[in-house]
Amino acid sequence: MTRKINLIGLRCPEPLMIVRKEMRSLNNGDVLEVKADDQSTKRDFRQLCEHMNYSLESVKDEETYILFSIKK
């Protein structure tokens, strides 16, 4: 299953807190796709994935946002 969330306009620490909560509700193997425009999310989501053993499948810089794909 893939869940998509839009965090554009939110600033640290909100995106990180929301992603942590969303990831808890997913099953192993599920993917969370996140749109965010706060540059600190690149660092925050990488650290979260390392700490929680999630897989940061992709990070794509689009014109006005960053698209993350995180697998539980």
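1. Let's start in the middle of the sheet. Isoleucine 5 stands opposite valine 34, a residue of strand S2. Please keep in mind as you look around that this model is predicted. The two residues belong to a pairing between strand S1 (residues 2-6) and strand S2 (residues 31-36), which is parallel and runs over five bridges.

2. Now follow the chain from one of these strands to the other. Strand S1, helix H1 (residues 14-25) and strand S2 together make a β-α-β unit, and this unit is right-handed.

3. Strand S2 has another partner to look at. Strand S2 pairs with strand S4 (residues 66-71) in the antiparallel sense, over six bridges. Valine 34 stands opposite phenylalanine 68 in S4, and glutamate 33 stands opposite serine 69 in S4.

4. Next, have a look at the aromatic rings. The count comes to one aromatic pair. It is formed by phenylalanine 45 and phenylalanine 68, and it is edge-to-face, with 4.7 Å centre to centre and 75 degrees between the planes. Phenylalanine 45 lies in helix H2 (residues 40-52) and phenylalanine 68 in strand S4, so the pair ties together parts that are 23 residues apart in sequence.

5. Now for the charged pairs. Side chains of opposite charge can pair when their charged atoms come close. In this model the count comes to five salt bridges. One of them joins lysine 4 and glutamate 33, whose closest N and O atoms are 3.8 Å apart. Lysine 4 lies in strand S1 and glutamate 33 in strand S2, so this pair ties together parts that are 29 residues apart in sequence. Lysine 4 counts as exposed at 64% relative accessibility, while glutamate 33 is partly exposed, with a relative accessible area of 25%.

6. Another salt bridge reaches from a helix to a strand. Lysine 42 pairs with aspartate 61, and their closest N and O atoms are 3.0 Å apart. Since lysine 42 lies in helix H2 and aspartate 61 in strand S3 (residues 55-61), the pair ties together parts that are 19 residues apart in sequence. Lysine 42 counts as partly exposed, at 21% relative accessibility.

7. Arginine 43 forms a salt bridge with aspartate 44, and here the closest N and O atoms are 3.1 Å apart. Arginine 43 counts as partly exposed at 47% relative accessibility, whereas aspartate 44 counts as buried at 9%.

Definitions and conventions
Residues numbered from 1 in each chain as written. Predicted model: local features only at pLDDT ≥ 70, side-chain atom pairs only at ≥ 80, totals over all residues. Heavy atoms only, no water. Pairing = 2+ DSSP bridges. Helix = DSSP H or I, 4+ residues; strand = E, 2+ residues; numbered from the N terminus. Right-handed = clockwise from strand over helix to strand, strands pointing away. Phe/Tyr/Trp six-rings, centres within 6.5 Å; stacked < 30°, edge-to-face > 60°. Salt bridge = Lys/Arg side-chain N within 4 Å of Asp/Glu carboxyl O. Buried < 20%, exposed > 50% of the residue type's maximum accessible area, 1.4 Å probe, protein only.
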